[in-house]
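Morning, everyone. Please look at the screen while I talk you through one structure.

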Amino acid sequence: MLNSEPEIKVALLQNYKEARLNLKGRFLLSDARSISGHIIVRIRQGEVALGDTSGRVIASGKTIMLSAHNKATFTVSDVKIGIDFHWQRSQEQSFRGNLVLSVASDSSFNLINEIALEDYLASVISSEMSAEAPLEFLKAQAVVARSWLVAMLAKKKTARSFPELKTKNEIVVWQDVNNHKGFDVCADDHCQRYQGITRIISDNVHKAIKNTRGLFLVYAGEICDTRYYKSCGGQTEIFSTAWEDKSPDYLRSVTDNVGQHPPIQSEAEARDWLTGRPHAYCDTTDKELLGKILPAFDQETPDFYRWQVIYSRQELEDIIRKKSGIDFGELKNIVAVGRGPSGRIYKLKIEGSKQVVVIGKELEIRRWLSSSHLLSSAFVVSKTNAADGSVENFILTGGGWGHGVGLCQIGAAVMAAKGLKTEGILAHYFSGSILKKLY
Ligand SMILES: [Zn+2]
Ligand SMILES: [Zn+2]
């Protein structure tokens with residue numbers, strides 16, 4: 001386990017051909033020249049080239065390091081966030097720390113920000129949720145984001161492959177630790193949202209980071225792989241529904257309430273659970289609280305605890321063809337083959353007139369069944385038939401938002417609003433883990 005604060009490399013832009021930056025304050029090149037103001041980054045003859053606004057090249061190379069002098073900051077125009085999700089949009093963002101530009105391919109570069117872990121966390125927490133959230137929730141979120149990141153970087157070092165089982169009739173894919181090369185994390189939802197200092201870091205976030213500095217969740221002598229997501233839908237999920245077939249003990253399925261509901265085991269139980277509305281911490285319509293924990297663009301998703309999506313058959317055929325590249329012909333049925341304890345499907349059979357394919361795991365299922373991503377893979381399917389007997393509509397009735405493994409953010413915020421402390425919140429979602437200060 002680590003014993004001092006690490007520095008991490010965050011990619012702000014990946015595989016870009018051009019970027020416009022505004023350096024506010026002085027940045028030092030490796031030859032000690034200092035630059036500031038507007039610069040344009042391009043790729044030129046296989047190297048990154050920094051130019052001024054008149055087109056003059058200031059520096060070029062495979063990698064260019066710009067060290068921030070004093071409290072210098074930089075602004076990047078047009079950063080895409082929420083890539084491939086329904087909340088995708090562009091923002092201008094500002095950052096603190098060093099800047100590294102490195103060649104990613106013959107025609108593109110990455111823009112990487114080097115920053116101390118605790119500063120990074122302050123921004124991530126401000127980016128992922130509104131700063132007015134309850135303090136005990138922000139502290140829990142700080143511990144979880146810190147632990148996940150360090151556990152993930154340790155896992156990455158052991159060089160794992162990205163499992164993918166693809167046969168003609170079965171496609172099972174998932175990605176556990178990220179496959180980023182040359183940096184630790186990206187700045188988008190793929191890893192953790194990091195929007196620099198654009199979002200104001202409130203007193204509460206500062207307090208949450210300071211009060212938990214160096215604090216990690218630990219189990220059996222190792223930093224816990226503390227996953228989190230928006231809403232479990234009433235019951236949390238086990239690791240193997242989303243990633244590889246092993247489930248750490250501290251990520252067991254728990255009911256997001258006092259007391260324990262038995263895990264969902266049959267299709268009938270899944271239907272009862274998802275068409276019903278069992279009470280849970282994350283079942284809240286408290287707009288004021290949600291407004292405090294979710295950034296504005298997440299509040300565009302009001303029905304996350306129980307939701308319904310209705311597709312005409314043709315509409316769903318088009319989406320699946322586009323997402324999978326497979327022509328299923330006439331879509332006959334969609335059947336859950338394997339579900340985890342929260343009702344999330346990890347194996348789904350898609351039956352068409354031309355093809356029958358089983359797909360997994362949860363994220364791949366969510367990707368295939370929506371033009372962006374389904375909120376979760378916890379759903380049951382109903383059909384209505386046309387006069388000729390073919391399916392007219394597919395109705396997906398589901399629950400929760402995200403993979404469901406580990407901390408339920410909305411549930412945790414509700415617990416904090418009810419007066420529960422960070423320790424209690426973390427013990428609820430990560431059974432048997434303990435808090436330990438490592439630096
Ligand atoms: Zn990433
Ligand atoms: Zn929940």
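Some ground rules. This is a predicted model, in which local features need pLDDT of at least 70, side-chain atom pairs count only at pLDDT 80 or more, and totals for chains, interfaces and linings use all residues. Residues are numbered from 1 along each chain as its sequence is written, chains are lettered from A and ligands numbered from 1 in the order in which they are written, and side-chain values use heavy atoms, with hydrogens and water left out.

The sheet comes now. Strands are DSSP runs of E, at least two residues long, and helices are runs of H or I, at least four, numbered from the N terminus. Two strands pair if DSSP finds at least two bridges between them. Five strands form an open sheet here, in the order β11-β12-β20-β19-β18, with mixed pairing. Which strands stand at the edges? They are β11 (164–166) and β18 (331–339). Each has a single partner strand, so one side of each has no neighbour in the sheet. On average, neighbouring strands are turned by 15° against each other, direction ignored. For such angles, axes are lines fitted to C-alpha atoms, for helices over the stretch in contact, and angles run from 0 to 180 degrees between N-to-C directions.

Follow β18 into β19. β18 and β19 (residues 345–352) run antiparallel, joined by seven bridges. Asparagine 333 has glutamate 351 of β19 as its bridge partner. Glycine 338 has lysine 347.

Next, β19 into β20. β20 covers residues 356–360 and pairs with β19 over four bridges, again antiparallel. Isoleucine 350 stands opposite valine 357 in β20. This hairpin has three residues between its strands.

Now the helices. Helix α6 (residues 313–324) lies across β18 and β19, running at about 60° to β18. Helix α1 (residues 117–128) has twelve residues. Is α1 enclosed or open, and why? Eleven of its twelve residues are buried, so α1 is largely enclosed by the rest of the structure. Buried means under 20% relative accessible area, exposed means over 50%, and partly exposed is in between, with a 1.4 Å probe and protein chains only. Among the buried ones are Leu117, Tyr120 and Glu128.

On to the rings. Rings of Phe, Tyr and Trp (its six-membered ring) pair if their centres lie within 6.5 Å; planes under 30 degrees apart count as stacked, over 60 as edge-to-face, and the rest as tilted. The whole structure has nine aromatic pairs. In one of them, phenylalanine 239 and tryptophan 243 have ring centres 5.1 Å apart and planes at 45°, so the pair is tilted. Both residues are buried. Tyr120 turns up again here: Tyr120, Phe27, Phe74, Phe95 and Tyr194 form one aromatic cluster.

Last, histidine 69. Histidine 69 is in the loop between β6 (63–68) and β7 (73–81). With a relative accessible area of 31%, histidine 69 is partly exposed. Beyond neighbours within four places in sequence, histidine 69 is in contact (heavy atoms within 4.5 Å) with Arg26 and Leu28. The C-alpha atoms of histidine 69 and arginine 26 are separated by 5.5 Å, though the residues are 43 apart along the chain.

Conventions. Expected span 1.5 Å × (residues − 1).
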